[in-house]
Amino acid sequence: MVSCWKETGNCVEDEQCTGGTSNSVSGAHFPHKAFWVSLSASLLLLLIGLGLTGHFGLLKPHSQVCQIVRLSAPDQTGFLINQSAVVDQQNHLVTFTVTSAANQTSTVLFDIKHGLICYRPEEQNSCFLQKMQQFDYDNIQSLLQKKAHQSYYQLTGNETQWKTQFLGVPADSRVDMSTLDKPLQGLCNNSSVHWTKMAHGPGKQRLVYFCIDVCFPSNICVSVCFYYLPE
């Protein structure tokens with residue numbers, strides 16, 4: 001019996017074992033003994049085969065938990081931005097890796113279960129937390145609904161709707177790392193973590209320090225811009 005796991009190509013082969021005798025004399029004197037030895041060996045191999053098949057069967061669903069979805073879209077200046085999203089259905093996580101036109105990479109983690117978004121720009125040793133709003137859930141849902149049918153999306157400039165979101169970083173907003181769940185701790189390891197406040201704009205007296213653009217298959221791109229609030 002041959003049992004194969006398609007994803008990895010690993011194959012477990014169970015060889016048939018037949019009991020035999022060295023000559024006709026021993027076969028004549030011990031027919032029952034040979035039969036029981038053969039049967040026992042076959043049953044043992046069968047149990048081993050079933051055990052290995054069950055082991056790989058348990059591993060297979062786990063290997064299918066995550067899927068990578070790639071997306072490209074022109075930014076608001078016309079330069080192409082590329083991103084990938086790792087969708088983890090089991091843990092209710094979507095992790096975006098976004099590369100800007102300036103070749104700067106940022107990671108954006110949507111923790112759907114806890115209703116949080118975590119931004120980590122590559123050029124900064126900081127993470128920024130935001131509570132998910134309804135439109136955040138809607139944008140992520142568009143990715144979850146379509147991921148099974150398509151693994152690459154290319155958005156066009158004339159069909160993409162851009163939105164700008166401003167997040168202020170208060171001076172006293174630092175978060176205790178130990179209070180965060182493991183996915184956030186893993187992303188923000190050895191970095192400071194800060195809460196953010198949503199606002200309509202930074203105001204004339206405040207400088208926007210950086211922005212992260214995240215796009216979704218629903219032809220919506222969000223430019224999330226951060227600025228620091230005074231003490």
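Strands here are DSSP runs of E of at least two residues, numbered from the N terminus. By that numbering, S223 belongs to strand β14, residues 220-228. The model is a predicted one.

**Overall composition**

The protein chain holds 4 helices and 14 strands. Of its 231 residues, 38% are buried. Among contacts in the chain with a separation of 6 or more, 55% are between residues 24 or more positions apart.

**Strand pairing**

Strand β14 is mostly covered, with 8 of its 9 residues buried. The pairing of β10 (residues 161-169) with β14 is parallel and has 9 bridges; here V169 stands opposite Y228 of β14. The pairing of β13 with β14 is antiparallel and has 8 bridges, and the bridge partner of V208 in β14 is Y227. β13 and β14 form a hairpin with 3 residues between the strands, where N219 has a positive phi near 65°.

Strand β6 (residues 105-111) is also mostly covered: 6 of its 7 residues are buried. β6 pairs in the antiparallel sense with β5 (residues 93-99) over 7 bridges, and T105 in β6 is the bridge partner of T99. β5 and β6 make a hairpin with 5 residues between them, and N103 in the turn has a positive phi of about 65°. β6 also runs antiparallel to β7 (residues 116-121), joined by 6 bridges; Y119 in β7 is the bridge partner of V108. The hairpin of β6 and β7 has 4 residues between the strands, and G115 takes a positive phi near 65°.

The pairings are listed below.

| Strands | Sense | Bridges |
|---|---|---|
| β5 and β6 | antiparallel | 7 bridges |
| β6 and β7 | antiparallel | 6 bridges |
| β10 and β14 | parallel | 9 bridges |
| β13 and β14 | antiparallel | 8 bridges |

In soluble globular proteins, nonpolar side chains tend to be buried together. The largest nonpolar core in this model has 32 residues, of which V94, F96, V108, F110, Y119 and F226 touch the most other members. Apart from this core lies another of 12 residues, among them L116, L129, L180 and V193.

Beyond its neighbours within four places in sequence, Y119 is in contact with T107, V108, S126, C127, F128, Q130, Q165, L167, I212, V224 and F226. Two of these, V108 and F226, are named with Y119 among the core residues that touch the most other members.

Is S223 buried or exposed? S223 counts as buried because its relative accessibility is 6%, and the cut-off for buried is under 20%. The side chains of S223 and D213 are joined by a polar contact of 2.7 Å. Not counting residues up to four places away in sequence, S223 touches Q76, W162, K163, T164, Q165, C211, I212 and D213.

V98 is found in β5. V98 counts as buried, because its relative accessibility is 5%. Leaving aside neighbours within four places in sequence, the contacts of V98 are N82, Q83, Q104, T105, S106, D213 and V214. V98 and V108 are 10 residues apart in sequence, and their C-alpha atoms are 7.8 Å apart in space. D213 is in contact with V98 and is also touched by S223.

**Pocket and cavities**

Rolling a probe the size of a water molecule over the atoms shows where empty space is left. The largest pocket has about 180 Å³ of space. Its lining consists of I81, V98, T99, S100, A102, Q104, S106, E123, F210, C211, I212 and D213. β5 and β13 (208-216) each supply at least two of the lining residues, and the largest share, 4 residues, comes from β13. V98 and D213, described above, are both among the lining residues.

A search of the whole structure finds 2 cavities of 30 Å³ or more. The largest cavity has about 60 Å³ of space. Which residues line the largest cavity? They are F110, I117, Y119, D136, N139, Q165, V214, F216, V222 and V224. At least two lining residues come from each of β7, α3 (134-146), β13 and β14.

Notes
Residues are numbered from 1 along each chain as its sequence is written. This is a predicted model: local features need pLDDT of at least 70, side-chain atom pairs count only at pLDDT 80 or more; totals for chains, interfaces and linings use all residues. Side-chain values use heavy atoms; hydrogens and water are left out. Buried means under 20% relative accessible area, exposed over 50%, partly exposed in between (1.4 Å probe, protein chains only). Two strands pair if DSSP finds at least two bridges between them. A nonpolar core is a set of buried Ala, Val, Leu, Ile, Met, Phe, Trp, Tyr and Cys residues joined through side-chain atoms within 4.5 Å. Contact means heavy atoms within 4.5 Å. A polar contact is a pair of N or O atoms within 3.5 Å; within protein, one must be able to donate a hydrogen and the other to accept it, and residues adjacent in sequence count only if both atoms are side-chain atoms. On a 1 Å grid over the protein atoms alone, a cavity is a set of points where a 1.4 Å probe fits but cannot get out, and a pocket is an open set with protein on both sides within 12 Å along at least five of seven lines; lining residues have an atom within 4 Å of a point. Grid points are joined across faces, edges and corners, and a volume is the space filled by probe spheres set on the points.
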